[in-house]
Amino acid sequence: MAHDTRELNRRQDHFTGRSDIWLFGYGSLIHKVDFPFLEARDARIQGWARRFWQGSHDHRGTPEAPGRVLTLVEAPDETCVGVAYRVTPDVFEHLDHREKNGYLRLTIDMTFIRPPHQGRHANGLIYIAGPNNAAWLGPASEAAIARQIARSQGPSGRNDDYVLKLDAALQDMGAEDPHVAAIARHLRASDSSHAHPSADREY
Ligand code: SIN
């Protein structure tokens, strides 16, 4: 599968007859909210785990030196906490562009986790980059992932900012993720802050 998934996503029939739809965000969609939404709620999905296994050629790295960003992998016993946004279908033109480097829109069942909606379910969409996309990097040790992230940057800024901002956002939500936290710890320990000129522009 090509990295550029815009056309594949555009061909999917997710919006017929709908004036709004829930979108579940688990990565940059939590800490970089550059799209309009009608409502946001903390939510969880069952059976998926975050992993920095997706290459970033367009945001946090370059085609020659890709960064590493999050995708989800199937993990039957795990729960992933994120933010659900209720959005109008037109927002997906921007989101499909933003997530074009290997991510496909899939439908997913999510459960809201805070009162007064706690325990209620909704069906919605999520962007996941699977192992058959051309930008997939796959597993590596958390230390090796952190080393790659520490030296990467792209048009949207430093790769380590993606990790550290997400780690902070998850902590604020009371939803620390062990994989994200471990890589954030490696980054803080190696203090890559001198490795790059300051750059934080887009996603
Ligand atoms: C998401 O945040 O839900 C998708 C992956 C990303 O943009 O980091």
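**The cavity and the helix contacts**

Mentor: On a 1 Å grid over the protein atoms alone, a cavity is a set of points where a 1.4 Å probe fits but cannot get out, and lining residues have an atom within 4 Å of a point. This is a predicted model, in which local features need pLDDT of at least 70 and side-chain atom pairs count only at pLDDT 80 or more, while totals for chains, interfaces and linings use all residues. Residues are numbered from 1 along each chain as its sequence is written, and side-chain values use heavy atoms, with hydrogens and water left out.

Trainee: How much space lies in the largest cavity?

Mentor: About 220 Å³, where a volume is the space filled by probe spheres set on the grid points, which are joined across faces, edges and corners.

Trainee: And which element gives the largest share of its lining?

Mentor: That is β2, with 3 residues. By class, the lining of the largest cavity has 9 nonpolar, 8 polar and 4 charged residues, counting Ala, Val, Leu, Ile, Met, Phe, Trp, Tyr, Cys and Pro as nonpolar, Asp, Glu, Lys and Arg as charged, and the others, Gly among them, as polar.

Trainee: Switching to helices, at what angle do α5 and α6 cross?

Mentor: The axes of α5 (residues 159-172) and α6 (residues 178-190) cross at roughly 125° and come within 9 Å; axes are lines fitted to C-alpha atoms, for helices over the stretch in contact, and angles run from 0 to 180 degrees between N-to-C directions. Helices (H or I, at least four residues) and strands (E, at least two) are DSSP runs, numbered from the N terminus. The two helices, α5 and α6, are therefore oblique to each other, since angles under 35 degrees count as roughly parallel, over 145 as roughly antiparallel, 65 to 115 as roughly perpendicular and the rest as oblique.

Trainee: Which residues of α5 and α6 make the contact?

Mentor: Among them are Val163, Leu166 and Leu170 of α5 and Val180, Ile183 and Leu187 of α6, where contact means heavy atoms within 4.5 Å. By class, this contact of α5 with α6 has 9 nonpolar, no polar and 3 charged residues.

Trainee: One last thing, which peptide bond is cis?

Mentor: The one from Pro115 to Pro116, with omega near 5°, and Pro116 sits in the loop between β4 (103-112) and β5 (121-129).

Definitions and conventions: On a 1 Å grid over the protein atoms alone, a cavity is a set of points where a 1.4 Å probe fits but cannot get out, and a pocket is an open set with protein on both sides within 12 Å along at least five of seven lines; lining residues have an atom within 4 Å of a point.
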